[in-house]
Amino acid sequence: LDLRSEDLILLRELGAGNGGTVSQVKHVTTQTIMAKKIIHMEAKPQIRKQILRELTILHDCNSKYIVSFYGAFLTEEDRDIAICMEYMDVGSLEAIYKKTGPIPPPILGKITLAVLEGLNYLYGSHKIIHRDIKPSNILVNSKGQIKICDFGVSGQVINSIADTFVGTSHYMSPERIQGATYTVRSDVWSFGITLIELAIGRFPFPPDGSKLTVLELLQHIVNEAPPTLPPGEFSDDFDDLTKQCLSKDVNQRPTLQELLKHPYVVAAQKSNVDVEAWTRSVRRMSATTN
Ligand code: ADP
Ligand code: MG
């Protein structure tokens, strides 16, 4: 598929985040609905071309747990990069829980399975570390599929974005904050924070919900105990899995392989919870609040 800017018509804006804006578009020649992400970056033409080359690896990332990639191109003025991907019509878990409240525990199991399988695919098949696991990068569609997006494929994108923004994320692991290089286990930490956030319906740092400056938050992550689930509200298996993901010592933290064998994940695999039915209830609830 040769994507050209002039073949895409804008349907609506979907959201904006760190370094990008996302809109829903229609590719007129194939009638495909897509999500188009524009990444603005102050980079030399040489670098931008290299980024485009690096992004072509996305064509090889094919998994039912990964948002598919249609293509990328430089925008008219050549200043931005557009990435076209599968449109996920129920939206991100962040948008969902902010409208509907905490995610029901049986759905959390399927989310855990999808994210771990997605991360395991990226690393196992492509040696890609995600680097930005958080509720807004886990997307859902009305077929009941759960997929991850926005992973760090391109070393150049990572560098350019890091140059443009202070690359701090609330989901960053203690070792990353202290300057260690990224490993898959840093994604495991970010996923632990994400799971607790989805389960309780708010970002779990700090425990009392007070507002911290970015610096205070980073100090808190490094110096204080990791967040925990409220006692007695969740299953022991879920409690154990999140505790393991949030081991502050990176060497104590489980690998993806180990997590995929955790009793919580094994049970989630077998569970026949109807995710599609849940997405219908999500859509009804968002329709009444919009
Ligand atoms: P962030 O992930 O930090 O929120 P992004 O620029 O990556 O910022 O995305 C902005 C918003 O656009 C997301 O929060 C999500 O709700 C929406 N979005 C991104 N990609 C898609 C997609 N493929 N399908 C549907 N919605 C999307
Ligand atoms: Mg995102």
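Here is a short briefing, grouped by topic.

This is a predicted model, in which local features need pLDDT of at least 70 and side-chain atom pairs count only at pLDDT 80 or more, while totals for chains, interfaces and linings use all residues. Residues are numbered from 1 along each chain as its sequence is written, and chains are lettered from A and ligands numbered from 1 in the order in which they are written.

**Around ligand 1**

- Ligand 1 is surrounded by 23 residues, and the closest are Gly15, Gly17, Val22, Ala35 and Ser136 (a residue is near if its C-beta atom, placed from the backbone, lies within 6 Å).
- Two or more residues of this shell come from each of β1 (8-17), β2 (20-27), β3 (32-40), β5 (80-86), β6 (91-92) and α2 (93-100).
- Helices (H or I, at least four residues) and strands (E, at least two) are DSSP runs, numbered from the N terminus.
- With four residues, β1 gives the most to the shell.
- The shell holds 11 nonpolar, eight polar and four charged residues.
- Here Ala, Val, Leu, Ile, Met, Phe, Trp, Tyr, Cys and Pro count as nonpolar, Asp, Glu, Lys and Arg as charged, and the others, Gly among them, as polar.

**The nonpolar core**

- The largest nonpolar core has 69 residues, and Met85, Leu108, Ile111 and Val115 touch the most other members.
- Such a core is a set of buried Ala, Val, Leu, Ile, Met, Phe, Trp, Tyr and Cys residues joined through C-beta atoms within 7 Å.
- A residue is buried if 20 or more other C-beta atoms lie within 10 Å of its own, exposed if 12 or fewer, and partly exposed in between, with C-beta atoms placed from the backbone.
- Beyond its neighbours within four places in sequence, Val115 is in contact with Ile138, Ile148 and Phe191 (contact means C-beta atoms, placed from the backbone, within 7 Å).

**Helices packing on α10**

- Two packed helices are described by the angle between their axes and the distance between the axes.
- The axes of α3 (residues 105-126) and α10 (residues 263-270) come within 8 Å and cross at roughly 105°.
- Axes are lines fitted to C-alpha atoms, for helices over the stretch in contact, and angles run from 0 to 180 degrees between N-to-C directions.
- α3 and α10 are therefore roughly perpendicular to each other; angles under 35 degrees count as roughly parallel, over 145 as roughly antiparallel, 65 to 115 as roughly perpendicular and the rest as oblique.
- On the α3 side the contact uses Gly109, Lys110, Thr112, Leu113 and Leu116, and on the α10 side Tyr264, Val265, Ala267, Ala268 and Gln269.
- Helix α8 (residues 236-245) packs with α10 at about 125°, with axes 8 Å apart, so the pair is oblique.
- Asp237, Phe238 and Leu241 of α8 meet Pro263, Tyr264 and Ala267 of α10, a contact of five nonpolar, no polar and one charged residues.

- Most residues other than glycine have a negative phi, and most peptide bonds are trans.
- Gln31, in the loop between β2 and β3, has a positive phi of about 60° and is exposed, with 7 other C-beta atoms within 10 Å.
- Lys127, in the loop between α3 and β7 (138-140), has a positive phi of about 55° and is also exposed, with 8 other C-beta atoms within 10 Å.
- The peptide bond from Phe205 to Pro206 is cis, with omega near -15°, and Pro206 sits in the loop between α6 (184-200) and α7 (214-223).

Terms used:
Contact = placed C-beta atoms within 7 Å.
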